[in-house]
Amino acid sequence: MSAAGCSAPFHLSDDHVTFGPLSPSLDLTVLACAPVATLGVAAPGAIQGLSPTISHPRLFTALSKASPPIRAIPMLEALNRLTDQGLAGEYAELLASYGRGGIPDRTRLERIGTALGSRYVLQPGLAEFSQTVLDKFEFTGLKIIRTRVSTLRLWLQLWDARTGHALSESTGEVTVATPVLATESTVSLDDIAQRLWARMIERDLLRSAGESWRCP
């Protein structure tokens, strides 16, 4: 599975999203109408190398296509703005603090949020990725059908940069089955992640918003 190359057709054979209660302090107007910052994708050491593959542009696309759309700040723009303000080191330390204890440093979170003009900050994460190739013998055609089965698990948290409080947390898992048509055929991990992000956003972050909801 890759983020580029010849992408094979696939379908989401099974997906599941779990989430906790939304914080009463979550302001839907701020979430949907004000810029929202997104941090780098967090991942355990064993699969940390896959974090760049779960690219922010796909999360950005999922957020922008939500209903109502969420105005996420593109990662490149955010990093450049933080660098211009001398906060690149603060950003790195914020990610490190999250990696150590699963909770962002409140002071640094507030500084980053203020610098980007964002009250809310999204922390995406990659929890698990695995894939196997299954062989099925087709008696009528006397041939072996190969299928690649991939499982991806992501999580998404929303934090209030002013208070340091967690406002929302969801986990999404999807299993994808795709025929192995050729040795060079792949399934885009980016594509799968974008679809799963979209379902997590719809079922958790925006569950209280009606289809006709719009910014005032």
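**View 1. L31 and the residues around it.** Once neighbours within four places in sequence are set aside, L31 is in contact with V36, I70, Y120, L158, L205 and L206. Keep in mind that this is a predicted model, here and in every view that follows. L31 also turns up in the largest nonpolar core, where L31, L152, I201 and L205 touch the most other members.

**View 2. The largest nonpolar core.** This core counts 35 residues, and L31, L152, I201 and L205 are the ones that touch the most other members. Two or more residues come from each of α1 (28-33), α2 (56-64), β3 (120-138), β4 (143-160), β5 (166-179) and α6. Top contributor is α6, which puts in eight residues. Apart from this core lies another one, made of 18 residues, including L94, L116, V121 and A161.

View 3. D204 has a relative accessible area of 1%, so it counts as buried, the cut-off being under 20%. What does the side chain of D204 pair up with? The side chain of S168 is joined to that of D204 by a polar contact of 2.6 Å. Not counting residues up to four places away in sequence, D204 touches F19, G20 and L22, and also S168, E169 and S170.

**View 4. A115 in helix α5.** Helix α5 covers residues 106-116, and A115 sits in it. A115 is buried too, because its relative accessible area of 14% falls under 20%. Which residues does A115 touch, leaving out those up to four places away in sequence? They are R81, L82, Q85 and L87. Take L82: this residue and A115 are 33 residues apart along the chain, yet their C-alpha atoms are separated by 6.9 Å.

**View 5. Stepping back to the whole chain.** Six helices and five strands make up the secondary structure, and along the sequence they follow the pattern β-α-β-α-α-α-α-β-β-β-α. The chain has 216 residues, of which 44% count as buried. Of the contacts between residues at least 6 apart in sequence, 77% join residues at least 24 apart.

How values were computed
Residues numbered from 1 in each chain as written. Predicted model: local features only at pLDDT ≥ 70, side-chain atom pairs only at ≥ 80, totals over all residues. Heavy atoms only, no water. Helix = DSSP H or I, 4+ residues; strand = E, 2+ residues; numbered from the N terminus. Buried < 20%, exposed > 50% of the residue type's maximum accessible area, 1.4 Å probe, protein only. Contact = heavy atoms within 4.5 Å. Polar contact = N/O pair within 3.5 Å; in protein donor to acceptor, adjacent residues only side chain to side chain. Core = buried A, V, L, I, M, F, W, Y, C linked by side-chain atoms within 4.5 Å.
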